[in-house]
Number of protein chains: 2
Amino acid sequence: MGVSLKDVASRAGVSIKTVSNVVNNYPHVTPQMRAKVQQAIDELGYRPNLTARHLRKGRTGIIALAVPEFGNPYFAELAGAVVDAAARHDYTVLVDHTAGLREKELLVSQGFRAHVIDGLILSPIHLETEDLTARTDSAPLVLLGEREYEAPYDHIAIDNVAAAREAVRHLIGLGHRRIAFLGSRTGRERQPAHLRLRGWREEHAAAGLEADDALVVVTDGYGREDGASAMAALLDRGGRPDAVFAYNDLIAVGAMRTLTERGLSVPGDVAVVGFDDIEEGRYGSTTLTTISPDKEAIARLAVDSLVERLAGGTAPEPRRQRPGYRLVVRESTTRSARSR
Amino acid sequence: MGVSLKDVASRAGVSIKTVSNVVNNYPHVTPQMRAKVQQAIDELGYRPNLTARHLRKGRTGIIALAVPEFGNPYFAELAGAVVDAAARHDYTVLVDHTAGLREKELLVSQGFRAHVIDGLILSPIHLETEDLTARTDSAPLVLLGEREYEAPYDHIAIDNVAAAREAVRHLIGLGHRRIAFLGSRTGRERQPAHLRLRGWREEHAAAGLEADDALVVVTDGYGREDGASAMAALLDRGGRPDAVFAYNDLIAVGAMRTLTERGLSVPGDVAVVGFDDIEEGRYGSTTLTTISPDKEAIARLAVDSLVERLAGGTAPEPRRQRPGYRLVVRESTTRSARSR
């Protein structure tokens, strides 16, 4: 457990306010008082927050992380990793959600809170390249996620095509031939699902199989309800697959719920693979096989990129970085798999 | 869909930067330009963000919400509701997580970012009344959650004892007599689980039943893993219950996973009730009966309290407000229940 301001105050025999004044280098503290507090700080190994130090450099010590939704556990888990990575550089993280709205993404990327934040990590859904090239805010920006841009910003994302191919290869290897893709946004070349759908297609081709477009289901969103209704729609049109590759774990969870309601077993009747490796997938009555992006690496690379640019000096060219991922096999494709 | 800065810029035939300058009332805009942009704003019904207006009042337009963890979907869902409630008052929300650390709760409550935020909504776990009475930061503070304090701050929380009693009453009504409580923090009178455990005890007494303390399991935390290991511990010591009342939904989810691994059916062998009504509970292969706190009301009351205090005038006495809740019956107690 960390040492608190209060611990320091009680050791030094002064008020918390006085300790705070010393830590923040405020002028109205006598040298004697300062020495007394400093001694308590040294004895207890107290580590003050560095807001004051940031402020002296004309910074706030705050970076923003803007994600499409708090409600998606993937972003909640990623946000936790970003908070940890930022803390190692003495940065606090302001988490913002864009609610998947283009308007909110624009506001955030245009720096509507430039007076508060030193830099921004943004996971966009709707922004276009021209929105980013039109950006006038000077705070460093790092992009996350699958959208690809021809804009001069660092971009951190796993290789979504390769990861999707690995998921589909796993299903083909288990003997499945009718493999559905749930969660497409057909016709929108740069939308998030595009790369994973491409992986689904490419892996079929590589295996000499025909990818059946009748097994691709478009959804409105990325949630459990979208997965449940996509699965129902597919079954209702008589297109029962023997396996499902879902755009993400939430869609997979929704699809599995529909399969349960229809009396179909997972993986006996239909095998299911998700994407994201959210903790929820490890605890269902059928645990979920999924692609697990290295969230710690994503967070670390994003924060390190921002910090490097904030440090000034010769800023490197915008970089594209690809953290790792792995396929985690669980019960939804192989009943005997017991890994969590 | 909202109207964007870009829409206004394109209607007015000017750059986004110019629109931003007008919206923020910056001086270096010609009256002609200002009129042109204002006309486009009026025609499109664009609603500018009010950061600039807040700044003129010496405010930042930002309130902070500090929760114990992003990873718990209850807090993620609550955060979404707070963001919505705050937006109605033109406030932006900075979401912070205290990681369940006393040190971080202290830092947040002491106003370590007072230069950035106008007010704070805090859901504490470890803070004590004396920590709050020692608080020197002048920003309004509203408390959420089950911890009760004798400190002069608004506090928003559902009636946890009554809600827990309703959950246990439901199980007793179904004929269950060996009802376990998972997630206690025994001996810590003011810890979060205390009130729900009291409800468990009181409802047994009201029904003329003996509450068996051997069925109370202490956990380290509030997550799925804690529920899974608590359930395993209870079964391992031969204390198989016929029902479980879990401190929260995550503990319930973990407990159900252990029951599945042990070959026990829910609700056939063991009925399970959770607390929080997180979306995950509606999608498992067995949907989860739970206490559903009114998250929108909690968020609205918290934001309204802050806004009222920020508005100044005669500040009301600190208030204790109790938003509503309801029991939602699903498959984990009544197999035929199909409600989501």
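Six salt bridges are counted between chain B and chain A, a salt bridge being a side-chain nitrogen of Lys or Arg within 4 Å of a carboxyl oxygen of Asp or Glu. In one salt bridge, the side chains of B:Glu331 and A:Arg257 meet at 2.7 Å, N to O. By class, the side of chain B that touches chain A has 23 nonpolar, 16 polar and 17 charged residues, with Asp, Glu, Lys and Arg counted as charged, Ala, Val, Leu, Ile, Met, Phe, Trp, Tyr, Cys and Pro as nonpolar, and the others, Gly among them, as polar.

The model is predicted, and local features need pLDDT of at least 70, side-chain atom pairs pLDDT 80 or more, while totals for chains, interfaces and linings use all residues. Residues are numbered from 1 along each chain as its sequence is written, chains are lettered from A in the order in which they are written, and side-chain values use heavy atoms, without hydrogens and water.

Contact (heavy atoms within 4.5 Å) joins 56 residues of chain B to 55 residues of chain A. The area buried between the two chains (accessible area, 1.4 Å probe, lost on being put together and summed over both) is about 4,700 Å², and carbon and sulfur atoms give 58% of that area.

How are the two chains related? Chain B can be laid on chain A by a turn of 180° and a shift of 0.0 Å along the axis, with an RMSD of 0.1 Å, superposed by least squares on the C-alpha atoms of residues with pLDDT of at least 70 in both. This is the relation of a two-fold axis. The same surface serves both copies, as 98% of the contact residues of chain B recur in chain A.
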